[in-house]
Amino acid sequence: MKKVITYGTFDLLHIGHINILEQARELGDFLIVALSNDKFNREKGKSAYHSYMERKAILESIMYVDLVIEEYSWDQKKNDIEKYNIDYFVIGSDWEGKFDYLSDYCKVIYLPRTEGISTSKIKTDLKY
Ligand code: C2G
């Protein structure tokens with residue numbers, strides 16, 4: 001069984017999120033999403049519209065997602081990869097190069113971001 005992991009906030013779920021979850025799942029047989037909790041979100045400089053519990057429930061309802069775990073630190077990835085016996089670490093190309101150090105533990109794959117959509121764009125567009 002090939003296992004895939006990806007990380008993120010996944011707030012105000014949109015097609016960019018769905019695209020990367022679908023592509024990540026297609027790389028293997030089991031997809032784990034490490035979802036940024038509200039405290040870590042603030043560390044990332046983000047304030048999610050939906051709470052961690054709501055974002056978790058939404059992700060768990062997606063057919064591509066097999067398990068949602070908590071993201072609470074920048075430093076947990078290596079442990080997660082070992083704990084869950086991960087084959088592929090996947091994240092969007094906006095992070096290109098940032099997680100190459102994980103290639104000592106699993107394959108690192110940067111997938112193309114979906115152009116023209118982001119949570120912050122949604123928030124801005126809805127303001128006016
Ligand atoms: N994404 C995408 N296309 C978009 C928007 C987002 O492919 N138009 C991808 C991002 O590249 C990321 C995932 O969707 O892989 C989740 O995006 P965010 O919720 O913005 O996550 P981020 O803040 O990048 O968190 O430790 C890593 C961080 O937690 C990543």
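**Pocket and rings**

Four elements each give at least two residues to the lining of the largest pocket: β1 (3-8), α1 (15-26), β4 (88-92) and α5 (119-127). Before I go on, please note that this is a predicted model.

Which element supplies the largest share of that lining? It is α1, with 4 residues. As for volume, the largest pocket holds about 690 Å³ of space. There are 32 residues lining the largest pocket, and those closest to its centre are H17, K46, D94, W95 and R113. By type, the lining of the largest pocket is made up of 14 polar, 10 nonpolar and 8 charged residues.

A pair of aromatic rings is described by two things, the distance of the centres and the angle of the planes.

How many aromatic pairs are there? The count comes to 6 aromatic pairs. Take W74 and W95: their ring centres are 5.9 Å apart and their planes are at 50°, so this pair is tilted. The pair links distant parts of the chain, with the two residues 21 residues apart. W74 sits in the loop between β3 (67-71) and α4 (77-83), whereas W95 sits in the loop between β4 and β5 (107-111).

Are these two tryptophans buried, exposed or partly exposed? W74 has a relative accessible area of 33%, so W74 is partly exposed. W95 is partly exposed as well, with a relative accessible area of 29%.

W95 also forms an aromatic pair with F99. Here the distance is 5.4 Å centre to centre and the angle between the planes is 35°, which is again tilted. F99 itself is at 5% relative accessibility and counts as buried, because buried means under 20%.

Now the wider picture. Ring pairs link Y7, F40, W74, F89, W95, F99 and Y101 into a cluster.

One member of that cluster, Y7, has a charge over its ring. The charged end of K77 sits there, 4.7 Å from the centre of the ring of Y7. There is another such arrangement at F30, where the charged end of K3 sits over the ring, 5.5 Å from its centre.

To end where the two topics meet: W95 is among the residues closest to the centre of the largest pocket, and W95 is also in the cluster of linked rings.

Technical notes: Residues are numbered from 1 along each chain as its sequence is written. This is a predicted model: local features need pLDDT of at least 70, side-chain atom pairs count only at pLDDT 80 or more; totals for chains, interfaces and linings use all residues. Side-chain values use heavy atoms; hydrogens and water are left out. On a 1 Å grid over the protein atoms alone, a cavity is a set of points where a 1.4 Å probe fits but cannot get out, and a pocket is an open set with protein on both sides within 12 Å along at least five of seven lines; lining residues have an atom within 4 Å of a point. Grid points are joined across faces, edges and corners, and a volume is the space filled by probe spheres set on the points. Ala, Val, Leu, Ile, Met, Phe, Trp, Tyr, Cys and Pro count as nonpolar, Asp, Glu, Lys and Arg as charged, and the others, Gly among them, as polar. Rings of Phe, Tyr and Trp (its six-membered ring) pair if their centres lie within 6.5 Å; planes under 30 degrees apart count as stacked, over 60 as edge-to-face and the rest as tilted. Buried means under 20% relative accessible area, exposed over 50%, partly exposed in between (1.4 Å probe, protein chains only). A charge sits over a ring if NZ of Lys or CZ of Arg is within 6 Å of the ring centre and within 35 degrees of the ring normal.
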